[in-house]
Amino acid sequence: KKQDTRLYLAALKKSLAFYAENKYVKSSVFNELYVGGGSPSVLPNEQIVDLLQYCRNTFNFSRDYPTKFTACTTNLSEGKIRVLSSNQVQQLDIGIQTFNNSFRKMLQLRDNSAEAKLKLTAAKKHGLHVSIDLLYNLPGQTVEQWKDDVEQALELEVESVDCYPLDLY
């Protein structure tokens, strides 16, 4: 059974409304709308649209502010990409982590490299800028495997690649 996201969104909006009433926030003009933290792309399309509209109505933004949205390839359908693009999202930040299918399986990513690449291509086709996250320092990862991930990212012509070490605590 899927968790009901309506309760989460109600709590999120309540929290956003609380911060929006702060004197500093009320007097601020924000230069960017960034919906991130985990993967908000798990939300149904209508909830994504509602959340974007709520933020735009609740906070003051500069005239030509960009909207960026964090996504996971597993739930990034063609329809969701269209919804994001048609709701003034300019950039998707996608946690690819790796293109290596063995590492993807180890990290319990639910799609394979080819499927993930198709999602990146679809996002670009819809006019979205794409920034991806790649992990290095994966258990057993060689320098050649890391270089292969970076080369594949470059071949996809994404706008940016953020690289992070896997830290185990």
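Trainee: Is Y19 buried, partly exposed or exposed?
Mentor: Let's work from the predicted model. The cut-offs put buried under 20% and exposed over 50%, with partly exposed in between. Y19 has a relative accessibility of 49%, so Y19 counts as partly exposed.

Trainee: What kind of ring pair do F61 and Y65 form, stacked or edge-to-face?
Mentor: Planes under 30 degrees apart count as stacked. The ring centres of F61 and Y65 are 4.4 Å apart and the planes meet at 25°, so this pair is stacked.

Trainee: Are F61 and Y65 buried or exposed?
Mentor: The cut-off for buried is under 20% relative accessible area. F61 has 17%, and Y65 comes to 19%. Because those values fall under the cut-off, F61 is buried, and Y65 likewise counts as buried.

Trainee: Which residues do ring pairs link into a cluster?
Mentor: F61 and Y65 are a stacked pair, and ring pairs bring F30 and F59 into the cluster with them. The members are F30, F59, F61 and Y65.

Trainee: How far apart should the ends of helix α1 be?
Mentor: Helix α1 covers residues 5–20, which is 16 residues. The expected span is 1.5 Å times one less than the number of residues.

Trainee: Where do the buried residues of α1 sit around the helix?
Mentor: The buried residues of α1 are L9, L16 and A20. Seen down the axis, they fall within an arc of 40°, so they line one face of the helix. On the other side, L7, Y8, K14 and F18 are exposed.

Trainee: Which elements do the buried residues of α1 pack against?
Mentor: L9, L16 and A20 are the residues in question. Their partners are two helices, α2 (23–26) and α3 (45–58).

Trainee: Which residues have the most contacts inside the largest nonpolar core?
Mentor: In soluble globular proteins, nonpolar side chains tend to be buried together. Here the largest nonpolar core has 36 residues. The residues with the most contacts inside the core are F69, L92, I94, I96, F99, L120 and I132.

Trainee: Is R104 buried or exposed?
Mentor: R104 belongs to helix α5 (residues 101–106). Not counting residues up to four places away in sequence, its contacts include T73, I96, F99, D111 and A116. At 2% relative accessibility, R104 counts as buried.

Trainee: Which residue has its charged end over the ring of F99?
Mentor: F99 is among the residues with the most contacts in the largest core. The charged end sits 5.5 Å from the centre of the F99 ring, and it belongs to K117.

Trainee: How far apart in space are E78 and K119?
Mentor: E78 lies in helix α4 (residues 78–86) and is partly exposed, at 31% relative accessible area. Leaving aside neighbours within four places in sequence, E78 is in contact with A122, K125 and H126. E78 and K119 are 41 residues apart in sequence, yet C-alpha to C-alpha they lie at 7.7 Å.

Note on methods:
Residues numbered from 1 in each chain as written. Predicted model: local features only at pLDDT ≥ 70, side-chain atom pairs only at ≥ 80, totals over all residues. Heavy atoms only, no water. Helix = DSSP H or I, 4+ residues; strand = E, 2+ residues; numbered from the N terminus. Buried < 20%, exposed > 50% of the residue type's maximum accessible area, 1.4 Å probe, protein only. Arc of directions from axis to C-beta. Contact = heavy atoms within 4.5 Å. Core = buried A, V, L, I, M, F, W, Y, C linked by side-chain atoms within 4.5 Å. Phe/Tyr/Trp six-rings, centres within 6.5 Å; stacked < 30°, edge-to-face > 60°. Lys NZ or Arg CZ within 6 Å of the ring centre and 35° of its normal.
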